[in-house]
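Hi,

Here is the structure I promised to pass on. Have a look at it first, and then read on for what turned up in it.

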Amino acid sequence: MVQETWYSREENDLEKELDTSLDSGLSEDKAEERREKYGKNEIESGKAISPLEILVSQFKDFLIWILLAAAVVSIFLGQVVDATLIFIILIANGIFGFVQDYKAEESIQALKDMSTPSTFVLRDGEKRKVDATELVPGDIVFLSSGDAVPADGRILSQENLKVDESALTGESEGVDKHNSVLEEDTPLAERKNMVYRNTTVQRGSGKFLVTSTGMDTEVGKIAESIQESERKDTPFQEEVNALGKKIGIIILIVSALVGLAEFTVGNSQLIDIFLASIGLAVAAVPEGLPAVVTLALAMGSRKMVDKDALVRRLPVVESLGSVDAICTDKTGTLTEDRMTVRKVFYDNMEVDVSGTGYSTEGEFTLGGKEFDSSRIEELLTCGAVCNNAEKGLDEEGSKTYLGSPTENALLVSAEKAGLDKEELDNRYDRLGEVPFSSDRKRMTTVNHDKENDRNVAFMKGAPKEVLGRCDRIKLDGKEKELTEERREEVLDRVEEFAGEALRVLGFAYREGVDEANPEVENDMVFLGLQGMIDPPREEVKDAIDDCRNAGIKVVMVTGDNKETAKAIGGEIGFKSDKALTGSDIDDLSEEELAEEVEGVEIFARVSPQHKVRILEALQSKGFNVAMTGDGVNDAPAVKDADVGISMGERGTDVTEQTSDMVLLDDNFVSIRDAISEGRGIFDNIRKFVNYLLSANAGEVLLVFLGSIFGLGLVLTAVQLLWINLLTDGLPALALGADPKSEGIMQRPPRPKSEGVITKRMLTSIGGIGVLMAVTLLPLFYFNRGDLQQARTLVFTGLVIFEFVRIQAIRTRYDQSILTNKWLIAALLGSLALQLLVVYSPLNSYFGVVPIALSGWYQIAGSLVGFITLTYVFVKLEDHIFQEKH
């Protein structure tokens with residue numbers, strides 16, 4: 001799309017230029033044609049994954065180049081077979097590393113693709129929800145508070161629309177928008193009738209015509225995605241990287257000592273000593289460990305999507321394992337998020353409403369008898385007109401209500417009384433709106449009533465807030481003074497409704513107003529109440545119990561009435577005897593709140609600012625907190641939480657962008673499942689870090705001790721590299737597919753300061769390495785008269801020992817070998833390759849011979865010794881560290 005001065009042109013010109021309809025939008029067929037022409041609405045995020053670069057990077061390590069150089073030298077010295085095998089094994093290792101890295105990159109990219117936001121668009125005359133990447137020039141898009149603007153466009157209509165354009169212009173102040181024509185020379189920062197991709201709506205609502213998408217947007221011009229932050233190493237990777245470097249230095253020193261010892265007291269050829277020393281370093285330095293960790297995190301994160309938890313940042317997997325407090329919203333997370341109006345209070349009458357969900361089938365009854373709903377029409381009209389919900393299509397094309405659950409419920413209750421939304425919109429032209437915010441707790445619209453030729457303001461909101469703006473009440477068809485006694489009667493009814501777990505809204509009106517501003521929200525006439533139910537999700541109580549069994553404190557933080565919060569909380573297992581409100585929090589100092597917060601499970605009538613204070617109070621007491629949020633004002637609390645969780649269905653784009661994880665179904669159960677999966681992923685990373693490092697320690701100590709004791713080179717370079725390929729390959733990767741331990745949610749959270757590698761793991765790595773060496777060295781010693789036979793027994797024994805080590809690690813997590821079919825296949829496949837090398841003509845190339853039955857007896861004896869010593873060592877560890885994992 002050629003860039004135009006869209007901001008300086010009349011709407012009818014834009015309609016013609018973009019070949020669209022301002023009344024009905026594009027047709028789906030035309031939108032598809034334009035997608036083929038302009039491509040997807042996305043910013044090219046830099047250079048794509050290059051498989052060739054990933055492959056080449058596998059051979060950039062300095063040690064590998066030294067080994068290759070030594071192999072070339074050995075060819076000239078006549079050792080062609082050894083050199084060829086070194087080349088083959090290094091290439092095989094490189095290909096395996098390439099597969100790991102490439103899959104990790106693919107997984108990370110897939111997670112980014114899943115994070116694509118959706119938006120509401122007008123297509124074929126109907127409002128529908130679509131993926132933001134599907135937008136094309138000519139589309140008409142709806143905006144509301146908290147949305148990220150998905151494309152550049154010209155504003156067609158707006159209500160108090162204010163947009164944060166700091167990401168594009170650098171201006172920290174939000175920009176108030178309008179839909180008037182501007183001069184052609186208006187600079188970008190002053191184009192107040194335009195909205196731009198990657199900016200965010202601070203308040204209000206609006207509708208705009210898409211003029212540019214993808215790389216044609218203002219953001220696209222500078223060829224970078226402002227919202228995408230640079231990918232950094234996770235704490236896992238940094239920790240493992242640092243450890244890998246330290247181990248690498250130690251192994252290089254040990255390798256040098258091995259070479260020096262062999263040169264001084266041994267009788268091996270100089271080239272063999274050099275190859276073995278460098279081969280040991282290449283095989284034992286865990287240079288691939290960070291890549292394995294990345295792959296495990298990325299693949300684990302993709303697995304979590306199946307549990308309806310989309311991880312936006314890989315480090316969250318680490319944080320999930322140490323979460324010991326969850327602050328969760330009530331509506332939609334603990335409840336079904338499908339509001340249904342059950343009671344209406346008007347003119348001192350309490351009317352019951354039947355029906356469930358968004359079905360318009362239902363009846364009004366008073367005292368159990370049929371009730372004429374026209375008598376409460378004024379109240380129901382207020383709820384339907386002061387309302388931004390609409391009828392439309394969901395992503396599957398089914399008819400639904402497009403709005404918040406509360407506003408949807410008000411539309412449904414009006415339609416049950418025969419009040420049609422379209423007819424009401426035609427009668428009441430909206431002149432303006434004072435939008436709802438979590439601070440104001442109310443919303444007001446100013447409308448022109450065509451039927452009576454008058455302007456009227458309608459308000460809905462928290463009953464106390466609405467009552468506070470009223471000085472009259474509608475009774476017996478007349479406006480009467482709202483006395484203190486009448487005010488208390490209404491508030492008593494609010495408490496009564498709330499005690500029945502109903503969410504209660506108050507309604508009011510005012511005639512003779514001219515424009516929408518906060519001033520119209522005074523001297524209003526109170527109409528009545530609507531109480532709606534949002535029942536708890538059936539599965540939530542068990543999920544909360546699971547979290548508590550796992551040592552996690554669960555706290556409900558809601559904007560609802562205290563009595564409603566206590567009623568719902570009591571149903572699903574919260575301690576409802578003590579609950580704090582936002583007003584209570586205001587009365588407490590930081591120190592007092594920190595003392596109170598540990599004993600409270602329900603916080604009601606809280607604002608986003610209160611959420612931040614609750615979060616900080618919990619963190620000050622040492623809790624690692626997961627915090628949910630959906631509204632734009634929840635972003636600070638979500639951002640500052642140890643794990644920030646946004647809502648995928650009802651959350652705003654702003655909150656999603658600051659969060660670590662998105663609940664795709666807004667269900668608390670998914671938080672429980674995500675923590676469980678996160679713990680499982682963390683366990684698996686610990687398993688193969690432990691396995692790889694202890695196996696490498698065993699190899700290094702075996703060769704080192706053999707040289708120090710004057711036994712010569714226990715293993716050759718080719719044998720070391722082969723062991724590295726067999727044991728560090730498929731078996732290690734298969735550990736990443738280990739299922740979660742059955743009791744994973746019965747153990748307490750991991751301390752926040754505890755990393756992947758603990759003191760116990762380091763002790764285990766060193767101890768097991770020593771045990772491998774001391775139980776295998778006798779095999780070599782007692783068979784040293786036949787060097788090939790001795791090396792063959794140690795060569796095969798070490799492979800078997802390392803495979804046994806895998807199950808020893810898994811036993812600590814109460815997992816039998818039968819629980820992971822991939823691991824069984826990997827171990828059998830690797831063992832088959834080892835036997836192929838020993839018993840086929842390949843054995844001459846590896847410097848080994850077929851093992852006789854007596855040799856297997858010796859290996860079995862050493863294995864029994866290793867298993868026995870390992871058992872004793874683990875029991876000693878248990879006693880010292882007083883923990884299982």
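Predicted model: local features only at pLDDT ≥ 70, side-chain atom pairs only at ≥ 80, totals over all residues.

Is it buried or exposed? Its relative accessible area is 13%, and buried means under 20%, so Arg34 is buried. Leaving out residues up to four places away in sequence, Arg34 touches Leu18, Asp19, Leu26, Gly39, Val136, Pro137 and Gly138.

Another charged residue worth a look is Lys460, which sits in strand E18 (residues 454-461). Lys460 has 7% relative accessibility and therefore counts as buried. What does its side chain reach? A polar atom of the Lys460 side chain lies 2.7 Å from the backbone oxygen of Cys386. Cys386 is also among the residues that Lys460 touches, and so are Asn387, Glu407, Leu410, Arg442, Met443, Val466, Leu505, Gly506 and Phe507, again not counting residues up to four places away in sequence.

Next, the backbone. Most residues other than glycine have a negative phi. Lys441 is not a glycine, yet has a positive phi of about 60 degrees. You will find Lys441 in the loop that runs between strand E16 (428-434) and strand E17 (442-449). Asp666, also not a glycine, has a positive phi of about 60 degrees as well. Asp666 is placed in the loop between strand E28 (661-663) and helix H24, and with a relative accessible area of 0% it is buried.

That brings us to H24 itself, which takes in residues 668-708. How far apart should the ends of a helix with 41 residues be? At 1.5 Å a residue, H24 should span 60 Å, and its end C-alpha atoms are 59 Å apart, so the two agree. H24 is mostly covered, with 38 of its 41 residues buried. At its start, a side-chain oxygen of Asn667 comes to within 3.0 Å of the backbone nitrogen of Val669. After H24 comes Gly710, which has a positive phi, near 75 degrees.

Leu720 is buried, at 0% relative accessible area.

Last, the empty space inside. Rolling a probe the size of a water molecule over the atoms shows where such space is left. How many cavities of 30 Å³ or more does the structure hold? There are 3. I'll describe the second largest cavity, which has a volume of about 50 Å³. Its lining is made up of Phe345, Asn348, Ile473, Leu475, Arg486, Glu489 and Val490. Strand E19 (470-475) and helix H16 (484-499) are the elements that give two or more residues to that lining. H16 gives the most, with 3 residues. By type, the lining residues of the second largest cavity divide into 4 nonpolar, 1 polar and 2 charged.

Happy browsing!

Notes: Residues numbered from 1 in each chain as written. Heavy atoms only, no water. 1 Å grid on protein atoms, 1.4 Å probe; cavity = no way out; pocket = protein on both sides within 12 Å on 5 of 7 lines; lining within 4 Å. Points joined across faces, edges and corners; volume = space filled by probe spheres on them. Helix = DSSP H or I, 4+ residues; strand = E, 2+ residues; numbered from the N terminus. Expected span 1.5 Å × (residues − 1). Buried < 20%, exposed > 50% of the residue type's maximum accessible area, 1.4 Å probe, protein only. Polar contact = N/O pair within 3.5 Å; in protein donor to acceptor, adjacent residues only side chain to side chain. Contact = heavy atoms within 4.5 Å.
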